[in-house]
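Have a look at the sequence and the 3D view first, and then we can go through them together.

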Amino acid sequence: FTFLLYKYESKVEQANGSPIIKMSLFKNGEFVALLVIGVTLYFYQVVMTNYGILAAIDVLGVSATVAGTLTIPRTIITLILPTMAGIWITKKHSNSWLAMSLASAILIAAFGMLIPISPTMSITMFFIAFSLTGVTESLRAVSILPAAQKTLSPEQIADGTSLVSFINT
């Protein structure tokens with residue numbers, strides 16, 4: 001269906017129509033990279049919150065109450081860190097790319113911590129891993145959109161911003 005959508009939307013755009021998604025956006029390699037990074041850095045949230053909590057209950061044997069508190073540090077971080085990260089990112093365009101690189105590395109570390117899961121693992125590892133995803137989410141949230149807007153031409157800003165927001169949710 002993606003191929004059919006691309007084919008149809010390309011025809012509409014070439015005929016000077018109003019496509020839902022302008023396919024010319026995908027000719028910009030940086031923009032496409034940002035879309036891939038956005039999806040990659042966001043999909044983990046469902047995996048970590050759903051399966052991480054289930055793993056804590058089923059593998060570690062913690063209570064549902066304790067497992068339910070795993071997201072609290074992450075939530076606190078995502079309330080505080082985006083403002084500080086945003087200030088840093090606005091100082092220089094390359095900081096957006098650095099923030100996305102850091103977010104990727106932190107995400108790998110967070111999941112890497114949970115690879116050797118066993119019944120003897122401490123619940124503290126889960127709290128740390130969930131907290132790290134809060135850092136990842138904060139960096140992703142404030143870096144992707146400004147980076148995309150800088151890579152797009154003025155006539156592409158509205159469509160590109162909309163597509164980035166859609167992809168990131």
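## Starting at Ala67

Touching, or contact, means heavy atoms within 4.5 Å. Ala67 sits in helix α3, residues 64–68. Helices are DSSP runs of H or I with at least four residues, strands are runs of E with at least two, and both are numbered from the N terminus.

Is Ala67 buried or exposed? Ala67 counts as buried because its relative accessible area is 0%. Buried means under 20% relative accessible area, exposed means over 50%, and partly exposed is in between (1.4 Å probe, protein chains only). From Ala67 to Thr136 there are 69 residues in sequence and 21 Å in space, C-alpha to C-alpha.

## A note on the model

This is a predicted model, where local features need pLDDT of at least 70 and side-chain atom pairs count only at pLDDT 80 or more, while totals for chains, interfaces and linings use all residues. Residues are numbered from 1 along each chain as its sequence is written, and side-chain values use heavy atoms, with hydrogens and water left out.

## The big picture

The protein has 7 helices and 0 strands, so to speak in pattern form: α-α-α-α-α-α-α along the sequence. Its C-alpha atoms fill a box of roughly 60 × 40 × 25 Å along the principal axes. Of its 169 residues, 37% count as buried.

Among contacts in the protein with a separation of 6 or more, 71% come from residues 24 or more positions apart.

## The nonpolar core

Which residues have the most contacts inside the largest nonpolar core? They are Met48, Ala56, Leu114, Phe126 and Ala129, in a core of 14 residues. Such a core is a set of buried Ala, Val, Leu, Ile, Met, Phe, Trp, Tyr and Cys residues joined through side-chain atoms within 4.5 Å. Helices α2 (29–60), α5 (94–113) and α6 (123–151) each supply at least two of its residues, and α2 gives the most, with 4.

Take Ala129: beyond its neighbours within four places in sequence, Ala129 is in contact with Met48, Ala110, Met113 and Leu114.

## A buried glutamate

Glu137 lies in helix α6. Why does Glu137 count as buried? Because its relative accessibility is 12%. Setting aside residues up to four places away in sequence, Glu137 touches Tyr42, Tyr44, Gln45, Arg74 and Thr78.
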